[in-house]
Amino acid sequence: MVADIHHCAGRRSLRWDLLAARPASGVMHAKISLLTWNDHVRVIVGSANLTSNGYRRNQECIAALDFDKSFTDRSLLDPLLAYLRELLTLTTGPGRTRAEQLLSWVDQRLPRHSASSKDVQRRVILVGPGRPNLFDQLKALLPSGAPPGEAHVVSPFFDPTLRESGPERALWQLMKQRGPAQLHLHVAGEEAPETKRWRLEVPDHVLDATPKGRAGVLTQFHPVRVADVPTDFGKDRRPLHAKSLAFSHETWTALLIGSSNFTSAGSGLSPHARNYEANLAFFVRAAPGHARRKLSLIHI
């Protein structure tokens, strides 16, 4: 188990290794689970920390990749294994050697030839020091001649101030530069019972990044309810912790799921504090009007 140095306090157990990652800048914020069987490997990438809240309480999102001897997409597996090895270089201790041996075993166990899905293009979007930022990697994946006209962002955290090179401006640069375009922000919120007005956990400055002087260009907020919900044991709070990006065009749609918050550090745009983050992107090309429906059929 690899965790950022700031989150390695607490009890220890001989049943697992807890390795403290010490990045030179930013934090180790990626959430990757590697599960191995004799002839099968599953990699889970998402927003959930390995905590009780992350797995049992928060509103989270995850995506899974399966590999075996009959179907192994090395274009996905190889960069993930390389990224995990890079994370291990941030740690010390005897557990590091055991983790490196596990990665080598997985690498050797699965076939070297590559097979990929024909219906859905998948790509790992890995952020960290010395790597391209999230939006540059997305730009390389999305069709250059067909920019999206609609984007959806789910994030519980944002930069405290609007930055010239922040994620809000970077996202609008990916969008259509002419004609209507819409950005939808799905953010945590609570409805005040006395006024019936919503309190949204998002700074006002995200609206300032919306391009000015263009008809049909807008930014909309959509509250994700975090108020107490009924359970068998009374009421429990379900905080929003999921992080995702979705883009759509008449002929294609794309979905990104992972650990990157909509912040400069989380998207790799900050020159001073670039986090280690892991995301999976799913891209579907289809006939006009059918791309969104085709992506909605993917079970992730």
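Okay, ground rules before we start. As a predicted model, it gets local features only where pLDDT is at least 70 and side-chain atom pairs only at pLDDT 80 or more, while totals for chains, interfaces and linings use all residues. Numbering runs from 1 along each chain as its sequence is written, and side-chain values use heavy atoms, with hydrogens and water left out.

Let's start with strand β14, residues 252–258. How many of the residues of β14 are buried? Seven of its seven, where buried means under 20% relative accessible area, exposed means over 50%, and partly exposed is in between, with a 1.4 Å probe and protein chains only.

In a regular strand, side chains alternate between the two faces of the sheet. In β14, Trp-252, Ala-254, Leu-256 and Gly-258 point one way, Thr-253, Leu-255 and Ile-257 point the other way, and all are buried.

Now the neighbours. Two strands count as paired if DSSP finds at least two bridges between them. On one side of the story we have β13, residues 244–248, which pairs with β14 in the antiparallel sense over five bridges.

Next up, empty space. The idea is that rolling a probe the size of a water molecule over the atoms shows where such space is left. The set-up is a 1 Å grid over the protein atoms alone: a cavity is a set of points where a 1.4 Å probe fits but cannot get out, a pocket is an open set with protein on both sides within 12 Å along at least five of seven lines, and lining residues have an atom within 4 Å of a point. Points are joined across faces, edges and corners, and the volume is the space filled by probe spheres set on them.

So what do we get? There is one cavity of 30 Å³ or more, and the largest cavity has a volume of about 100 Å³. It is lined by 17 residues, with Ser-244, Leu-245, Ser-260, Asn-261 and Phe-262 nearest its centre. Which element gives the most to that lining? It's β14 again, with three residues. By type, the lining of the largest cavity splits into nine nonpolar, seven polar and one charged, counting Ala, Val, Leu, Ile, Met, Phe, Trp, Tyr, Cys and Pro as nonpolar, Asp, Glu, Lys and Arg as charged, and the others, Gly among them, as polar.

The largest pocket has a volume of about 1,500 Å³. Of its 45 lining residues, Met-1, Val-2, Ala-3, Ile-32 and Leu-50 are the closest to its centre. Helix α3 (94–109) supplies the largest share of that lining, five residues, and overall there are 26 nonpolar, twelve polar and seven charged residues.

The second largest pocket holds about 310 Å³ of space. It has 18 lining residues, and Lys-139, Ala-170, Gln-173, Leu-174 and Met-175 are the closest to its centre. Helices α4 and α5 (167–174) each supply at least two residues of this lining, with α4 giving the largest share, four.

Let's stay on α5. Six of its eight residues are buried, so the helix is largely enclosed by the rest of the structure. The buried ones are Pro-167, Glu-168, Ala-170, Leu-171, Trp-172 and Leu-174. Among the elements covering them are α4, β7, β8 and β13, with contact meaning heavy atoms within 4.5 Å.

Ser-270 lies between α6 (264–267) and β15, and it counts as buried because its relative accessibility is 8%. A polar atom of its side chain lies 3.3 Å from the backbone nitrogen of His-272. Lys-196, in the loop between β8 and β9, counts as exposed because its relative accessibility is 57%. Its phi is near 65°, a positive value in a residue other than glycine. Most residues other than glycine have a negative phi.

Definitions and conventions
A polar contact is a pair of N or O atoms within 3.5 Å; within protein, one must be able to donate a hydrogen and the other to accept it, and residues adjacent in sequence count only if both atoms are side-chain atoms.
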